[in-house]
2 protein chains.
Amino acid sequence: MSSSDRREITGFSNPTVKYLRSLREKKHRKREGVFLAEGLRLLTDARECGHVPKTLVMAKGRDAHPLLDALEADVAAAGGDVIETSTDILTKITGKDNPQAVAGVFTEFDTSLAALDRSKANIWLVAQALRDPGNLGTMLRTGDAVGAGGLILIDDCADPFSVEAVRASMGAVFTQQIAQANWDEFITWLRQGEGQLVAASLRDAVPYRGAPYAAPCFVLVGNESRGLPEEYELACDLRVTMPMKGRADSLNAAVAAAVLSYEVLASLDS
Amino acid sequence: MSSSDRREITGFSNPTVKYLRSLREKKHRKREGVFLAEGLRLLTDARECGHVPKTLVMAKGRDAHPLLDALEADVAAAGGDVIETSTDILTKITGKDNPQAVAGVFTEFDTSLAALDRSKANIWLVAQALRDPGNLGTMLRTGDAVGAGGLILIDDCADPFSVEAVRASMGAVFTQQIAQANWDEFITWLRQGEGQLVAASLRDAVPYRGAPYAAPCFVLVGNESRGLPEEYELACDLRVTMPMKGRADSLNAAVAAAVLSYEVLASLDS
């Protein structure tokens, strides 16, 4: 792509800048059906997973990079928009003091349960009413690491397409499938096929090490402060408990999901 | 304590309010040698670990609670300051939209390596240049759960006494010892006694499951974006690797510390 095809934006009050900034708010993302991701690494992960941004925003004065050239060519070939702007404006768009030199606007994915193929992976992560977008992004990242198929969000979770969640996912938002549903929809869908639902729990639970995990295994963690509702725990096929040697009676939700998922991975692989 | 011993503050511009707000900044915390913790649960954990706040701030209109009465009595008995104020002012102090009904100002702990007794625990967590206070607090919380002795912060880490770290620790800031040192100080101290230094690494590493862990085991994780410097990895007694089934080549630092610590715990307990 020749540099003449790029559009340069210099003013903070430019409508495109306003539009891009507005994507930090959930209501604007939902209305537009898009989300924002930053950084050459994330955007390269996206590209290699078949996701090309609709709009590519690059900082003037950035270092040249062959992967960035490839990305720009793809965006142009797909009829997307390529914008050059100042680092200051990029800071304003991403809300980050030291912004990456590049950001992209992506179309949101289909997040219906019907789009999931449970036979594709041995592990699936499930979060219930998880409120912290960082925890949610971290769960996506862990899911990628353990070879999970994706993350299913139950009830009122944080938005997986928020800038914070996308950032914490370190690109896993593009490799993991994401579904959103309420509990009744989820449990109905789950019971229509194979699947073992496992929760970290203190209720009638067995030690998490050596528990009888079975694929596809759905690892369920609950809300950061309230944990899982009793009804949800009782609907699980397996309740497991992790040692708690100190004063605390629970782990951070993303940590619990990771410790449990790595145990499931080791169990299913052995 | 009779309610007449409480001091009521109603104005946002009150010097005590300004002082308490200033503790959200590291330089003010360091100058004063104190930090802020919120919530009855955290403050009760602190009290049961022998830490009584110098200043107790309570919201007017809070629900009565016997643990809060006990806390107030302890603060008064120790000659501390008990303040009642509005929820709005408490919001301003803690920087949290839905503040807990109570907050306390605590004296910072001794964070010298010399204060650590390594024989007290089988596991110690070590973080190098960890920049995210949430990750740091989460590591403290995990340390409490695995029965670790404490968290050693190497090089330029986030402040473990920041509001965010204290919040994420869920009280573990009071149960875990915390030490701060640079790498040379740490490695010199470590080699003066028993201790196995273990890092999650890709360099000449063995699988983390079934690795020959030995107590006291020091679990080292590196900076969120750069990981550990090569020199630090090479100084480790054991380098272990966790499966990475997806595109990512690393886990979130707090997650890596947790997965590894739980493995060490299982190994040392068996």
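1. Is Glu185(B) buried, partly exposed or exposed? Glu185(B) counts as partly exposed, because 14 C-beta neighbours lie inside 10 Å. The cut-offs: a residue is buried if 20 or more other C-beta atoms lie within 10 Å of its own, exposed if 12 or fewer, and partly exposed in between, with C-beta atoms placed from the backbone. Glu185(B) sits in helix α9 of chain B, residues 183–190. Helices here are DSSP runs (H or I, at least four residues), strands likewise (E, at least two), and they are numbered from the N terminus. From Glu185(B) to Asn135(B) is 50 residues in sequence and 23 Å in space, C-alpha to C-alpha.

2. A word on the model. This is a predicted model, in which local features need pLDDT of at least 70 and side-chain atom pairs count only at pLDDT 80 or more, while totals for chains, interfaces and linings use all residues. Residues are numbered from 1 along each chain as its sequence is written, and chains are lettered from A and ligands numbered from 1 in the order in which they are written.

3. The interface. On chain B, 30 residues are in contact with 30 residues of chain A. Contact means that the C-beta atoms of two residues, placed from the backbone, lie within 7 Å. On the side of chain B that touches chain A, the elements giving two or more residues are α6 (133–145), α8 (172–175) and α11 (253–269) of chain B. The largest share of that side, seven residues, comes from α11(B). By class, that side has 16 nonpolar, eight polar and six charged residues. For the classes, Ala, Val, Leu, Ile, Met, Phe, Trp, Tyr, Cys and Pro count as nonpolar, Asp, Glu, Lys and Arg as charged, and the others, Gly among them, as polar.

4. Helices α6(B) and α11(B). Their axes come within 9 Å and cross at roughly 15°. That makes α6(B) roughly parallel to α11(B). Axes are lines fitted to C-alpha atoms, for helices over the stretch in contact, and angles run from 0 to 180 degrees between N-to-C directions. Angles under 35 degrees count as roughly parallel, over 145 as roughly antiparallel, 65 to 115 as roughly perpendicular and the rest as oblique. The crossing of α6(B) and α11(B) is right-handed. A crossing is called right-handed if the near helix is turned clockwise from the far one by less than a right angle, and left-handed if anticlockwise. From α6(B), Asn135(B), Thr138(B), Met139(B) and Thr142(B) meet Ala253(B), Ala254(B), Ala257(B), Ala258(B) and Ser261(B) of α11(B). This contact has five nonpolar, four polar and no charged residues.

5. Helices α3(B) and α4(B). The axes of α3 (residues 40–48) and α4 (residues 66–77) of chain B come within 10 Å and cross at roughly 50°. The two helices are therefore oblique to each other. Their crossing is left-handed. α3(B) brings Leu40(B), Leu43(B), Thr44(B) and Arg47(B), and α4(B) brings Leu67(B), Leu68(B), Leu71(B) and Asp74(B). By class, there are five nonpolar, one polar and two charged residues in this contact.

6. The core. The largest nonpolar core has 172 residues. Such a core is a set of buried Ala, Val, Leu, Ile, Met, Phe, Trp, Tyr and Cys residues joined through C-beta atoms within 7 Å. Those with the most contacts inside it are Ala127, Val219 and Val259 of chain A and Ala127, Val219 and Val259 of chain B. Neighbours within four places in sequence aside, Ala127(B) is in contact with Leu136(B), Met139(B), Leu151(B), Leu153(B), Ile154(B), Cys157(B) and Val221(B).

7. Cis peptide bonds. One joins Ala215(A) and Pro216(A), with omega about -10°. Pro216(A) lies in the loop between β10 (206–207) and β11 (217–221) of chain A. In chain B, the bond from Ala215(B) to Pro216(B) is cis, with omega near -5°. Pro216(B) lies in the loop between β10 (206–207) and β11 (217–221) of chain B.

8. Positive phi in chain A. Asp155(A) is not a glycine, but its phi is positive, about 60°. Asp155(A) is in the loop between β7 (150–154) and α7 (163–169) of chain A. With 17 C-beta neighbours inside 10 Å, Asp155(A) is partly exposed. Met170(A), also not a glycine, has a positive phi of about 50°. Met170(A) lies between α7 and α8 (172–175) of chain A, in the loop. Met170(A) counts as buried, because it has 26 C-beta neighbours inside 10 Å.
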